[in-house]
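Please look over the structure shown here together with its sequence. The briefing below is meant for a reader who is meeting it for the first time.

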Amino acid sequence: MLTVLWENAPGCPAQRALLERVFAAACAATGAQPSVEVSVLLADDARLHALNRAYRGKDAPADVLSFAERDARTEDAGCKPALPPDEASPVSALPPDDAGCDHGILPGDEEYLGDIAISLPRVHAQAAAYGHSEERELAYLFVHGFLHLLGHTHNDDTAYRQMRTQEEAILTAAGPLR
């Protein structure tokens, strides 16, 4: 299930419909069940700047930020610890399992994956800079954020290429983007 929220920007049914279509394609391509939950915040640069500073320590606006419900930092060890409860956090906390460790998303699980925040001014600017539509840029930023929620990273060249390949495959599967 996808929840789309707008902050300091007018709600747009076309954006919601696009994100729902891309969400369905992303779930199908990654094996995530369509019953997983993701929230998307479409906001201005000031909001993304504040989130980037608060949660990443970077004093600059960002185009997209992902706040995974499960921490992927220990994914390589086969264990994802639950996030600690924090009412100020943009994500809710998961209760740890018996071992204090979660071993991923199993088929059929209904689960809250996390939050994605996207800067609409960055969507507009980057679409113009890259010479493609705002629809494609919004879809791309959503897919990028979604893959981060699933634990994908782009910390090295190989991971970057793999993530880019998967992003493009999902965008293609989502159908034509104006």
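This is a predicted model: local features need pLDDT of at least 70, side-chain atom pairs count only at pLDDT 80 or more; totals for chains, interfaces and linings use all residues.

Residues are numbered from 1 along each chain as its sequence is written, and side-chain values use heavy atoms, with hydrogens and water left out.

**Overall build**

- The chain has five helices and four strands, where helices (H or I, at least four residues) and strands (E, at least two) are DSSP runs numbered from the N terminus.
- Read from the N terminus on, the elements follow the order β-α-β-α-β-β-α-α-α.
- Of the 178 residues in the chain, 40% are buried; buried means under 20% relative accessible area, exposed over 50%, and partly exposed in between (1.4 Å probe, protein chains only).
- Among contacts (heavy atoms within 4.5 Å) between residues at least 6 apart in sequence, 65% join residues at least 24 apart.

**Nonpolar cores**

- The largest nonpolar core has 34 residues, a nonpolar core being a set of buried Ala, Val, Leu, Ile, Met, Phe, Trp, Tyr and Cys residues joined through side-chain atoms within 4.5 Å.
- Strand E1 (2-6), H1, strand E2 (37-43), strand E4 (112-119), helix H3 (120-130), H4 and helix H5 (157-173) each supply at least two residues of this core, and H4 gives the most, with nine residues.
- Apart from this core lies another, of eight residues, among them Leu41, Ala43, Leu48 and Phe67.
- Ile116 is among the residues with the most contacts inside the largest core, and beyond four places in sequence Ile116 touches residues including Val38, Val40, Phe142 and Phe146.

**Aromatic rings**

- Three aromatic pairs are found in the whole structure; rings of Phe, Tyr and Trp (its six-membered ring) pair if their centres lie within 6.5 Å, and planes under 30 degrees apart count as stacked, over 60 as edge-to-face and the rest as tilted.
- Phe23 and Phe146 form an edge-to-face pair, with 6.0 Å from centre to centre and 85 degrees between the planes.
- This pair links distant parts of the chain, since Phe23 lies in helix H1 (residues 13-30) and Phe146 in helix H4 (residues 134-149), 123 residues apart.
- Both Phe23 and Phe146 are buried, and ring pairs link Phe23, Phe142 and Phe146 into a cluster.

**A buried histidine**

- His144 is found in helix H4 and is buried, with a relative accessible area of 12%.
- A polar contact of 3.1 Å joins the side chains of His144 and His148; such a contact is a pair of N or O atoms within 3.5 Å, where within protein one must be able to donate a hydrogen and the other to accept it, and residues adjacent in sequence count only if both atoms are side-chain atoms.

**Salt bridges**

- The count comes to seven salt bridges, each a side-chain nitrogen of Lys or Arg within 4 Å of a carboxyl oxygen of Asp or Glu.
- Arg178 and Glu135 meet in a salt bridge at 3.4 Å, N to O, which links the segment after H5 with helix H4 across 43 residues.
- In this pair Arg178 counts as exposed at 69% relative accessibility, whereas Glu135 counts as buried at 15%.
- Glu168 and Arg164 form a salt bridge at 3.0 Å, N to O, and both lie in helix H5, four residues apart.
- Salt bridges that share partners join Arg136, Arg164, Glu167 and Glu168 into one network.
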